[in-house]
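Q: I'm new to this one, so please walk me through it slowly, starting with the words you'll be using.

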Amino acid sequence: MRGRLRRAYESGRASSRARRVEPAAAPEQSDVAPSGPAAPGPATTGPATTAGRESSTPLHPSTASRDDADVPHALRIGAAWSWRLIAIGIVAWALLRIVGTIRIVIIPLAIALLLSALLAPAVGWLLKARFPRSLATGVVLVGGLVAVIGTLTLVVNEFIRGVPELSEKSSQGVRQIQDWLKTGPLHVSDSQLNRYIDEAQTWITGNSKTFTTSALSATATLAEVLTGTILVLFATFFFLRDGNKIWRFLVRLLPVAARWKVDDAGRASWSTLGAYVRATVLVAFIDAVGIGIFLVVFNVPFAFPLAALVFLGAFIPIVGAALSGGVAVLVALVDSGPVTALIILGAVIGVQQVEGHVLQPLIMGRAVAIHPLAVIIGIAAGVVLAGITGALVAVPLIAVLNTAIRRLAARTVPDTPPDAVVVASQAP
């Protein structure tokens with residue numbers, strides 16, 4: 001038995017050697033041999049082609065069959081890109097539909113993230129002062145609510161106090177416009193003015209049902225706002241208190257090889273979001289103070305409410321500050337005439353130029369710098385998808401995605417945590 005096994009082993013080794021050293025197969029010969037004696041001279045060795053059979057051409061490495069080889073390479077690449085882009089578009093469309101369905105949850109969570117990024121440094125200061133984490137979070141959240149409610153109370157009180165005077169001056173302005181239409185270059189007669197007023201009243205009467213429906217919709221929106229406000233408060237509290245634990249839990253759901261990269265990108269994005277929110281608040285405060293000083297100097301009514309409106313509008317870059325400044329110009333036009341309105345317009349434009357060319361590059365820096373075209377496109381998309389809230393959230397979302405994509409695309413390996421344990425496969 002031992003001898004037979006030995007002989008079988010030797011036979012297998014010999015056959016393996018023979019297969020390895022076997023020469024390549026000879027080229028395919030023609031099925032039709034030439035008749036007659038061979039012609040004298042050197043023989044030609046060109047490849048023969050069998051009748052009725054296609055010549056074999058080498059396939060491109062990216063092709064899987066002969067049919068793919070017959071398609072131009074540029075067309076194959078374009079088709080590959082096309083179906084991949086279609087798949088990405090379908091996934092993006094599905095995500096947008098999901099976000100639109102649960103926007104009453106997504107939007108409050110986004111606002112809570114912005115507030116958490118703004119209030120996180122205050123919680124950190126209280127933690128350094130030996131406050132318990134829950135107490136520090138509660139103190140900061142309650143303090144922020146008191147500041148917001150107090151500011152809104154002052155704005156509303158001043159607005160209510162100045163409405164009668166502004167309405168009287170608005171009536172005077174309307175009469176001045178009517179006089180200008182009569183005596184100006186248009187020469188509109190009283191009958192034409194009355195006809196235009198009657199048409200406006202008819203339009204309002206005919207659209208009263210639409211206004212009623214809008215009022216009911218506003219009631220439903222008010223309920224959504226109350227629900228979203230409660231969710232914002234709860235989410236902000238837990239983001240401030242347990243944000244680090246929540247992030248570690250989410251990172252552990254990923255594959256082990258991707259955890260460090262995603263954790264590094266996420267923490268860098270959070271730093272960018274915090275820097276953006278704090279810089280935006282500072283820039284908005286400077287804008288409100290600058291425009292508010294001009295409103296007070298020229299005795300424009302509602303100086304404080306208009307300054308507060310400028311402060312809130314500055315959170316929507318480029319567009320928000322311009323719109324809020326336009327409201328201040330209109331109030332100045334109604335109350336004090338065109339000269340004061342032009343001065344306020346110049347002040348608004350000057351403040352915007354200082355903000356765009358000095359404050360934002362100096363305060364925000366390059367870490368959160370975004371091209372103006374990306375800002376405009378993001379704000380427009382945010383308005384279409386989620387209204388004013390979408391415009392508010394769009395720019396910080398672009399800043400966060402910009403940082404995250406740059407970190408994920410970088411080829412650098414994140415630093416090893418100081419408490420990490422490295423296990424070698426073998427002793428050095």
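A: Helices (H or I, at least four residues) and strands (E, at least two) are DSSP runs, numbered from the N terminus. What you are looking at is a predicted model, in which local features need pLDDT of at least 70 and side-chain atom pairs count only at pLDDT 80 or more, while totals for chains, interfaces and linings use all residues. Residues are numbered from 1 along each chain as its sequence is written, and side-chain values use heavy atoms, with hydrogens and water left out.

Q: OK, how many helices and strands does the chain have?

A: The chain has twelve helices and zero strands, and reading from the N terminus its elements run α-α-α-α-α-α-α-α-α-α-α-α.

Q: And what pLDDT does the chain average?

A: The average pLDDT (the predictor's confidence in each residue, from 0 to 100) is 75 for the chain, and 71% of the residues score at least 70. Over residues 24-55, however, the pLDDT is below 50, and beyond near neighbours in sequence this stretch has six contacts (heavy atoms within 4.5 Å) in the model. Residues 214-219 also have a pLDDT below 50, and that stretch has zero contacts in the model beyond near neighbours in sequence. Where pLDDT is low, the predicted coordinates should not be read in detail.

Q: Let's look at single residues. Is S324 buried or exposed?

A: S324, which is found in helix 10 (residues 319-336), counts as buried because its relative accessible area is 4%. Setting aside neighbours within four places in sequence, S324 is in contact with L309, V310 and G313.

Q: Which element holds D242, and is that residue buried or exposed?

A: D242 lies in helix 7, which covers residues 208-252, and D242 is buried as well, because its relative accessible area is 16%.

Q: What about V156? Where is it found?

A: V156 is in helix 5, and V156 counts as partly exposed because its relative accessibility is 44%. Although V156 and P305 are 149 residues apart along the chain, their C-alpha atoms are separated by 7.8 Å.

Q: Which residues does L126 touch?

A: L126 has its place in helix 4 and, not counting residues up to four places away in sequence, touches F131, A136, V139 and V140. With A136, ten residues away along the chain, L126 has a C-alpha separation of 5.7 Å.

Q: And D263, which residues does that one touch?

A: D263, a residue of helix 8, touches W247 and V251 when residues up to four places away in sequence are left out. The C-alpha atoms of D263 and R252 are separated by 9.7 Å, and these two residues are eleven apart along the chain.

Q: Switching to backbone angles, what is the phi of R130?

A: The phi of R130 is near 70 degrees, which is a positive value in a residue other than glycine. R130 sits in the loop between helix 4 and helix 5 (133-183), and R130 is classed as exposed because its relative accessible area is 76%. N299 also has a positive phi, of about 55 degrees, although it is not a glycine. N299 belongs to the loop between helix 8 and helix 9 (303-313), and N299 is exposed because its relative accessible area is 63%.

Q: Last topic: how many residues line the second largest pocket?

A: That pocket (an open set of points on a 1 Å grid over the protein atoms alone, where a 1.4 Å probe fits, with protein on both sides within 12 Å along at least five of seven lines; lining residues have an atom within 4 Å of a point) is lined by 48 residues, of which A110, L113, L273, L397 and V400 lie nearest its centre. The elements that give two or more residues to this lining are helix 3 (73-101), helix 4 (103-128), helix 7, helix 8 (256-297) and helix 12 (372-409).

Q: Which helix gives the most to that lining?

A: Helix 12 does, giving 16 residues to the lining of the second largest pocket.

Key: Buried < 20%, exposed > 50% of the residue type's maximum accessible area, 1.4 Å probe, protein only.
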